[in-house]
Amino acid sequence: MSTEASIKDLPKVDTALKGQLEGFSPDKLKKTDTAEKSTLPTKEDVEAEKQAKAHLEAVEGFNSANLKHANTQEKIVLPAKEDIETERTHQSIFQGVTGFDKASMRHAETQEKIALPAKEDIETEKTHQSIFQGVTAFDKSQMRHAETEEKVALPAKEDIETEKAHQRLFQRITSFDKSTMRQVSTEEKVVLPSPEDIETERAHQGIFQRLVSFDRSEMKHADTKEKNVLPSKSDIDAEKGHQALREGIEGFNPSALKKTETLEKCKLPTKEEIEQEKKA
């Protein structure tokens, strides 16, 4: 029972496709020879491989005893005046949000508005509908049978010359005699700082020392005055205009609209377009 149920559940093959598969003869296949091509590396690839190998050998043979001991100086950067002002603003905003009284809020009802489609959207939808109907109602019996001709493109003269050049380059690389190479010693140069860099470092050191030895007791107490900027006359007028516009939109009566009928115009092709279509 389970075997019959599993056979029934299998997907069914189309009758026409089944007949083609059963009547297929392997004798109709043509014999083809597969040409395997080995792509040789270019000159840039060989140079990159040499550089990578030399770099790896230099890293592996590096002597850590040549390194010099260096002391790390940790610098404490004090915040700038702008950072302090920004932090104060954030603190005041945070305090205003956390201390906000929800009881002072008024209840508001949300009005959901249904936006009608524009004329362009309706025209686009009609076009999509007509295209979909044309595709679904298309008669396949009007199509003509076409046979596919497979063409084998032979390599051009330039491709053959390039392949020969790659072959010659590969042969020269494989037959290269490493004994003809000379040993080269790499000289490592230590770049000393310029007078400008020394002066800049001294200036930074002087500023850091003054900041570290700064006496806060010399600072004077200052009271912060918070000012509330009132809106200007132009801002008030703009807000009144927005309020009036919003009230006009919310109080709009759709029953006052007049019913209109849309006339769909079908543009006929011109004589020149008909002639071009016939030629095509």
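Glutamate 199 is partly exposed, with a relative accessible area of 49%. Here, buried means under 20% relative accessible area, exposed means over 50%, and partly exposed lies in between (1.4 Å probe, protein chains only). The side chain of glutamate 199 forms a salt bridge with arginine 202, where the closest N and O atoms are 3.9 Å apart. A salt bridge is counted when a side-chain nitrogen of Lys or Arg is within 4 Å of a carboxyl oxygen of Asp or Glu. Arginine 202 itself is exposed, at 57% relative accessible area.

The two partners are three residues apart in helix α7, so about one helical turn separates them. Helices (H or I, at least four residues) and strands (E, at least two) are DSSP runs, numbered from the N terminus.

## About the model

This is a predicted model, in which local features need pLDDT of at least 70 and side-chain atom pairs count only at pLDDT 80 or more, while totals for chains, interfaces and linings use all residues. Residues are numbered from 1 along each chain as its sequence is written, and side-chain values use heavy atoms, with hydrogens and water left out.

## The overall picture

What is the protein built from? It has nine helices and zero strands. Its radius of gyration is 42 Å, well over the 19 Å that the globule rule gives for 280 residues, so the protein is more spread out than a compact globule. That radius is taken over C-alpha atoms, and the globule rule is 2.2 Å times the number of residues to the power 0.38. Along its principal axes, the C-alpha trace spans about 105 × 100 × 70 Å.

How much of the protein is buried? Buried residues make up 1% of the 280 residues. The protein exposes about 30300 Å², and carbon and sulfur atoms supply 55% of that area. Accessible areas come from the Shrake-Rupley method with a 1.4 Å probe; for residues, only the protein chains shown count as cover.

## Two further salt bridges

The structure holds three salt bridges in total. In one of them, the side chains of lysine 75 and glutamate 201 meet at 3.9 Å, N to O. This pair links distant parts of the chain, 126 residues apart: lysine 75 is in the loop between α3 (43-60) and α4 (81-98), and glutamate 201 is in helix α7 (residues 195-212). Lysine 75 counts as partly exposed at 47% relative accessibility, and glutamate 201 counts as partly exposed at 35%.

Another salt bridge joins glutamate 85 and arginine 88, with 3.9 Å between the closest N and O atoms. These residues are three apart in helix α4, so they are separated by about one helical turn. Glutamate 85 is partly exposed, with a relative accessible area of 41%.

## Charges and surface patches

The protein has 45 positive and 55 negative side chains, and the centres of the two sets lie 3 Å apart. Lys and Arg count as positive and Asp and Glu as negative, while His and the chain ends are not counted. The place of a charge is taken as NZ of Lys, CZ of Arg, CG of Asp or CD of Glu.

Patches are made of residues with over 30% relative accessible area and no salt bridge; like charges are joined within 9 Å, and nonpolar side chains (Val, Leu, Ile, Met, Phe, Trp, Tyr) within 5 Å. Glu158, Asp159, Glu161 and Glu163 form a negative surface patch. Aspartate 159 sits in helix α6 (residues 157-174) and is partly exposed at 47%. A nonpolar surface patch is formed by Ile76, Leu78, Ile207 and Leu211, with about 380 Å² of accessible area together. Isoleucine 76 lies in the loop between α3 and α4 and is exposed, at 61% relative accessible area.
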